[in-house]
Amino acid sequence: SPSMVPSINVLDVVVTKRVDSPEDLEKGDIITFNSTDYRYSGVTVTHRIQNIEKTSSGEYLYTTKGDNNNTPDSSRISFNEIYGKVLFRIPKIGYIQYYLSSILGWVAIIIVPAVMIIGYDIYKLIKTLKGDKNNNSNVTKKIEIKDKKEEKKRRFKK
């Protein structure tokens, strides 16, 4: 979604690194997490940390917000829902995934090469089988010629 534009554009790919402890995260860090918002439950989201609270039980809760959103996310995130901290983004590489997930991309990248490989294997198999028939008949001819030569030698010896 465009919630992080201009920091992260739609179809950019982000690389995240798992963090070992809550103390490794600071206000302003961009994190990727599993949303607990009832509207987006189970969706992976990448937003910036706006606020960090530590509860009386010692649990850390993070308030996040997309750079392009007007308000912070409605639910706070616990450390257990965080996949990692964003290290960097790779611009526009999401177009590859988008293309591959389309029917045309699937056909072009998976089906066509698979058919070509199978076709080439069938071609090699047929060529090998034809070659074996020719080799067998050549072997038979060589044996017949050798037998005839040996028979001639026997006749001359007598």
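Predicted model: local features only at pLDDT ≥ 70, side-chain atom pairs only at ≥ 80, totals over all residues.
**Exercise 1. The overall layout**

Find how many helices and strands the chain has, and in what order they run.

Solution. 
- Step 1: Count the elements. The chain holds 2 helices and 6 strands.
- Step 2: The order is β-β-β-β-β-β-α-α.
- Step 3: Look at burial. Of the 158 residues in the chain, 22% are buried. Buried here means under 20% relative accessible area.

**Exercise 2. Salt bridges across the chain**

How many salt bridges does the whole structure have? Take two of them, Arg-48 with Asp-67 and Glu-53 with Arg-76, and say which parts of the chain each one links.

Solution. 
- Step 1: Recall the idea. Side chains of opposite charge can pair when their charged atoms come close.
- Step 2: Apply the cut-off. A salt bridge needs a side-chain nitrogen of Lys or Arg within 4 Å of a carboxyl oxygen of Asp or Glu. The search of the whole structure gives 6.
- Step 3: Take Arg-48 and Asp-67. Their closest N and O atoms are 2.8 Å apart. Arg-48 lies in strand β3 (residues 44-54), while Asp-67 lies in the loop between β4 (60-65) and β5 (77-78), so the pair ties together parts 19 residues apart in sequence.
- Step 4: Check how open this pair is. Arg-48 is partly exposed at 22%. Asp-67 is partly exposed too, at 25%.
- Step 5: Take Glu-53 and Arg-76. Here the closest N and O atoms are 2.6 Å apart. Glu-53 is in strand β3 and Arg-76 is in the loop between β4 and β5, so this pair links distant parts of the chain, 23 residues apart.
- Step 6: Check their accessibility. Glu-53 is partly exposed, at 32%. Arg-76 is partly exposed, at 41%.

**Exercise 3. A salt bridge within a helix**

What separates Lys-124 and Asp-121 along helix α2?

Solution. 
- Step 1: Confirm the contact. The two side chains meet in a salt bridge, with 3.9 Å from N to O.
- Step 2: Place the residues. Both lie in helix α2 (residues 103-157), 3 residues apart, which means about one helical turn separates them.
- Step 3: Check the surface. Lys-124 is partly exposed at 38%, and Asp-121 is partly exposed at 42%.

**Exercise 4. A charged patch**

Which residues gather in a patch of negative charge on the surface?

Solution. 
- Step 1: List the members. They are Asp-20, Glu-23, Asp-24 and Glu-26.
- Step 2: Locate one of them. Asp-20 is in the loop between β1 (13-17) and β2 (30-34).
- Step 3: Test its exposure. Exposed means over 50%. Asp-20 has 72% relative accessibility, so Asp-20 counts as exposed.

**Exercise 5. Backbone exceptions**

Which two residues does a cis peptide bond join? Where do Leu-11 and Lys-92 lie?

Solution. 
- Step 1: Most residues other than glycine have a negative phi, and most peptide bonds are trans.
- Step 2: Find the cis bond. Val-5 and Pro-6 are joined by one, with omega about 5 degrees. Pro-6 lies in the segment before β1.
- Step 3: Examine Leu-11. Its phi is positive, near 70 degrees. Leu-11 is in the segment before β1, and is partly exposed at 26%.
- Step 4: Examine Lys-92. Its phi is also positive, about 65 degrees. Lys-92 lies in the loop between β6 (82-90) and α1 (94-100).

Technical notes
Residues numbered from 1 in each chain as written. Heavy atoms only, no water. Patch = residues over 30% accessible without salt bridge, like charges linked within 9 Å, V, L, I, M, F, W, Y side chains within 5 Å. Areas by Shrake-Rupley, 256 points an atom, 1.4 Å probe, with all protein chains shown as cover. Lys, Arg positive; Asp, Glu negative; His and termini not counted. Charge placed at Lys NZ, Arg CZ, Asp CG, Glu CD. Helix = DSSP H or I, 4+ residues; strand = E, 2+ residues; numbered from the N terminus. Buried < 20%, exposed > 50% of the residue type's maximum accessible area, 1.4 Å probe, protein only.
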